[in-house]
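Open the model in your viewer and keep the selection panel at hand. This tour says what to pick next and what is there.

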Amino acid sequence: MSAQQKLELEEKTYTMDERLRAGAKRISQCENGVVEGSTRVLQEAQVGVYADFAAFLVDVANRPHDFKDKPPNGRIVLPPRTGKTVIAGQILSGACMITTIIVPTRTLVDQTAKELTAQLPNIPVGMFYGETKELVMGGVNITTYQILQRRLAKGGIPPEIMLSSLVFADEGHHSMTIERQKLLREAFDPLAVRVALTATPDYNEERRLGMFFQHLIHQITISEAIELEMVAPLRVYMAEVDVDGSKVQMVGQDFDAEKLGHVMSAAPFFEAVRVWRYNDQNRGTSALICCVTKQQSYDLYKYLKDYRPEGTPEPQLIL
């Protein structure tokens, strides 16, 4: 593709099923993870995701009549930090289909736009959220569920988005509500391909991604990702500590249950953090320690401040 060449311009008069067939014809096999128009190279495991999507698109394009009552949809399930945005970019670059990517937050709009601009220098990238309305025609637009829900309620989905033949629901587990399923169903052409991307397909027993995006395009589990060296191996560290039970008073011939619970949970945790933070391997490394509550953060800060090894810097507290 030449610089800033728009996607699907030659099919602007085509019906959606004709556009799907054209996209299926264009999408090519990855040669060593390379897709034309992209600066990124897929890892071996990611190539499989691309290939499975290509097969899914071809299947949809060959039988569009099967999707008149329910839009074509599928799901791609990958562990965190295994390149979902990169794979989406390779897919839209390979198929050259007008694309909308829907994300949960404004921060993810900016992040995704930045990543795709670097990955796909020849494809226009637009953003649509809040005060930022920089849409592009014939490219990829990144937006949020919230703004599209409001626009759908007012009957005003922008044409740059409405004309998409490919829609990615990023963090797809956030799309499993009545309102967002209505959005995905009604804001786009009935035959536009909807694909959920997520690392957590099952929100709870009632809300499982497979109930909303029936076709499993590709899935890599955490254990598979570790074997494929897509993520670092899981590691667990244990530190044996003593707890001073004499700090707990007796109330009515029994232990003060609340105080006992505090000592049993806080003291081993704090000491385990201290041991691991200041061992020979980690002492010279900068560290960020995250806690569940502000109070726990403050208590741990005081503990490390008082009991850190001599000569180590005083910890700082971020609330």
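**Stop 1: charged pairs**

Select Asp-66 and Arg-63: their side chains form a salt bridge, N to O 3.0 Å. A salt bridge here is a side-chain nitrogen of Lys or Arg within 4 Å of a carboxyl oxygen of Asp or Glu. This is a predicted model, in which local features need pLDDT of at least 70 and side-chain atom pairs pLDDT 80 or more, while totals for chains, interfaces and linings use all residues. Residues are numbered from 1 along each chain as its sequence is written, and side-chain values use heavy atoms, with hydrogens and water left out.

Colour by relative accessible area next. Buried means under 20%, exposed over 50%, and partly exposed in between (1.4 Å probe, protein chains only). Asp-66 is partly exposed at 42%. Arg-63 is partly exposed too, at 28%.

Move to Lys-305 and Glu-314. They form a salt bridge, with the closest N and O atoms 3.7 Å apart. Lys-305 is partly exposed at 33% relative accessibility, and Glu-314 is partly exposed at 37%. How many salt bridges does a search of the whole structure find? It finds eight.

**Stop 2: helix α1**

Select residues 16-26, helix α1. Helices (H or I, at least four residues) and strands (E, at least two) are DSSP runs, numbered from the N terminus. Show Arg-21 and Asp-17: their side chains meet in a salt bridge at 3.7 Å, N to O. Both lie in α1, four residues apart, about one turn of the helix. An α-helix has 3.6 residues a turn, so residues three or four places apart point the same way. Arg-21 is partly exposed at 38% relative accessibility; Asp-17 is partly exposed at 21%.

Now show the buried residues of α1: Met-16, Arg-19, Leu-20, Ala-22, Gly-23 and Ala-24. What do they pack against? Their partners are α2, α3 (84-95) and β7. Contact means heavy atoms within 4.5 Å.

**Stop 3: the nonpolar cores**

A nonpolar core is a set of buried Ala, Val, Leu, Ile, Met, Phe, Trp, Tyr and Cys residues joined through side-chain atoms within 4.5 Å. The largest one has 51 residues. Leu-20, Phe-53, Leu-57, Leu-166, Val-193 and Val-195 have the most contacts inside it. Helix α2 (residues 44-62) gives the largest share, nine residues.

Centre on Leu-57. Beyond its neighbours within four places in sequence, Leu-57 touches Leu-20, Gly-23, Ala-24, Ile-27, Ala-95, Met-97 and Val-193. A second, separate core has 19 residues, including Ile-147, Ile-157, Val-167 and Phe-213.

**Stop 4: the sheet**

Switch to cartoon. Eight strands form an open sheet in the order β4-β3-β5-β2-β6-β7-β1-β8, with mixed pairing. Two strands pair if DSSP finds at least two bridges between them. The edge strands, β4 (132-134) and β8, each pair on one side only. Neighbouring strands are turned by 20 degrees against each other on average, direction ignored.

Select β3 (residues 125-129) and β5 (residues 140-144): they run parallel, joined by four bridges. Phe-128 has Thr-143 of β5 as its bridge partner. Axes are lines fitted to C-alpha atoms, for helices over the stretch in contact, and angles run from 0 to 180 degrees between N-to-C directions.

**Stop 5: strand β1**

Select residues 73-77, strand β1. Five of the five residues are buried, so β1 is largely enclosed by the rest of the structure. Asn-73, Arg-75 and Val-77 point one way, and Gly-74 and Ile-76 the other. β1 pairs in the parallel sense with β7 (residues 193-198) over five bridges, and Gly-74 stands opposite Val-195 there. Four bridges join β1 to β8 (residues 215-219), also parallel. In β8, His-218 is the bridge partner of Ile-76.

**Last stop: cysteines**

Select the cysteines. The structure holds zero disulfides (pairs of cysteine sulfur atoms within 2.5 Å). The sulfur of Cys-291 is 7.5 Å from the closest cysteine sulfur, in Cys-290, too far for a bond. Cys-291 is partly exposed at 22% relative accessibility. Cys-96 is buried at 15%.
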